[in-house]
Amino acid sequence: MHDAQHPFHTLTPNFIMDAVESQGYRCDCRTSALNSYENRVYQVGIEEEKPLIAKFYRPGRWSDEQIVEEHRFCLELAEHELSVVPPLLNPSGESLFHYHGFRFALYPRQGGHAPEFDNDGNLLILGRMLGRIHSIGAVRPFEHRPALDSRDFGHDSVALIRERFIPQEYRESYEAVTSQLLQVVDEAFASVPQVRYIRAHGDCHAGNILWRDDAPHFVDFDDARMAPAVQDLWMMLSGDRPRQLAQLAQLIKGYEEFCDFNPAELRLVEALRSLRMLHYSAWLARRWDDPAFPTAFPWFNTVRYWGEHILQLREQLSALEEPPLVLP
């Protein structure tokens, strides 16, 4: 699709500054795009004040109610003095703004770098933070945001790829491996009937945690959903099994200072990893008409990509057959 046909084409520097100034700020004509694809995020200079971060939401992804619910969760966490970056409120107490067909929010700029997940002290601190976040997240459910489940992230993702993207020469292999994978994933979720869904960050990878002054600052709750607590823990685990067990021990040690952890949820780690892999390919497919995606991900939807993807899914199927991680 040509640039001019995509809604984000409207987001010129002048448009961005006009939107920010509609909320009473005075821009100093400095704008710079930040690394974001699902939405569009910009640093905007403000006269005689620190720059702001302006986040313009992708049209059609979330409803206003779902976005506001995410904002309220962040603000609730901030009220409990947790290190999150909540949206700014206008004098009327609103956090979601509308400007010429776009919805946007404003945030204070937060510096920092990705945390070192190989540092046991960092993992202990991260575990404490997540324990505090989840203790608040468990108080009440989201009313408008969906849950992370195998239907949305798994079955629907596979159906989209199978119907519209997989090359003919890989169709049979893709259908076979995803059918097996989804069966095992569904069995894994069924094997943990006592799992509790809570309000969770949903996307706790290193890029969404800014480490500064010996503390983590959690940002970008855009993927917040109802999910098992382990969804916010497993992406911090890496390396071989002994290393993952050591990392997990530190995370849970800190976590349980503030919130109980159900060890049965560890049976979901590889199932959740599988769903993330399937969902990631479908996310790229759904966004392929956004000109930013073919530019940023030129390798996607090539014959080579699908061959490697099927191989990764087969490897993940083997991982699902391994015994789950256990707490010491």
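Begin by selecting helix 5 (168-190) and helix 7 (269-286), where helices are DSSP runs of H or I with at least four residues, strands are runs of E with at least two, and both are numbered from the N terminus. Helix 5 and helix 7 pack at an angle of about 140 degrees, and their axes lie 9 Å apart. Axes here are lines fitted to C-alpha atoms, for helices over the stretch in contact, and angles run from 0 to 180 degrees between N-to-C directions. The two helices are therefore oblique to each other; angles under 35 degrees count as roughly parallel, over 145 as roughly antiparallel, 65 to 115 as roughly perpendicular, and the rest as oblique. Helix 5 passes helix 7 in a left-handed crossing, a term used if the near helix is turned anticlockwise from the far one by less than a right angle, with right-handed used if clockwise.

The model is predicted: local features need pLDDT of at least 70 and side-chain atom pairs count only at pLDDT 80 or more, while totals for chains, interfaces and linings use all residues. Residues are numbered from 1 along each chain as its sequence is written, and side-chain values use heavy atoms, with hydrogens and water left out.

Next, show the side chains between these two helices. T178, L181, L182, V185, A188 and F189 of helix 5 meet A271, L272, S274, L275 and L278 of helix 7, contact meaning heavy atoms within 4.5 Å. This contact has nine nonpolar, two polar and no charged residues. In this classification, Ala, Val, Leu, Ile, Met, Phe, Trp, Tyr, Cys and Pro are nonpolar, Asp, Glu, Lys and Arg are charged, and the others, Gly among them, are polar.

On the helix 4 side, the residues in contact include F153, G154, V158 and I161, and on the helix 7 side they include L275, L278, A282 and R286. Eight nonpolar, five polar and two charged residues make up this contact.

On a 1 Å grid over the protein atoms alone, a cavity is a set of points where a 1.4 Å probe fits but cannot get out; a pocket is an open set with protein on both sides within 12 Å along at least five of seven lines; lining residues have an atom within 4 Å of a point. Grid points are joined across faces, edges and corners, and a volume is the space filled by probe spheres set on the points.

Select L148, F153, Q231, W234, L272, L275 and R276, which line the largest cavity. Its volume is about 40 Å³, and the structure holds one cavity of 30 Å³ or more. Helix 7 gives the largest share of this lining, three residues.

For the largest pocket, select D203, H205, N208, D220 and D223, which lie nearest its centre among 45 lining residues. The volume of this pocket is about 1,500 Å³. Helix 7 again supplies the largest share of the lining, seven residues. The lining has 19 nonpolar, 11 polar and 15 charged residues.

Finally, move to the second largest pocket, with about 400 Å³ of space. Of its 20 lining residues, E270, A319, E322, P323 and P324 are the closest to its centre. Helix 5, helix 6 (241-255), helix 7 and helix 9 (303-320) give two or more residues to the lining, and the largest share, three residues, comes from helix 7.
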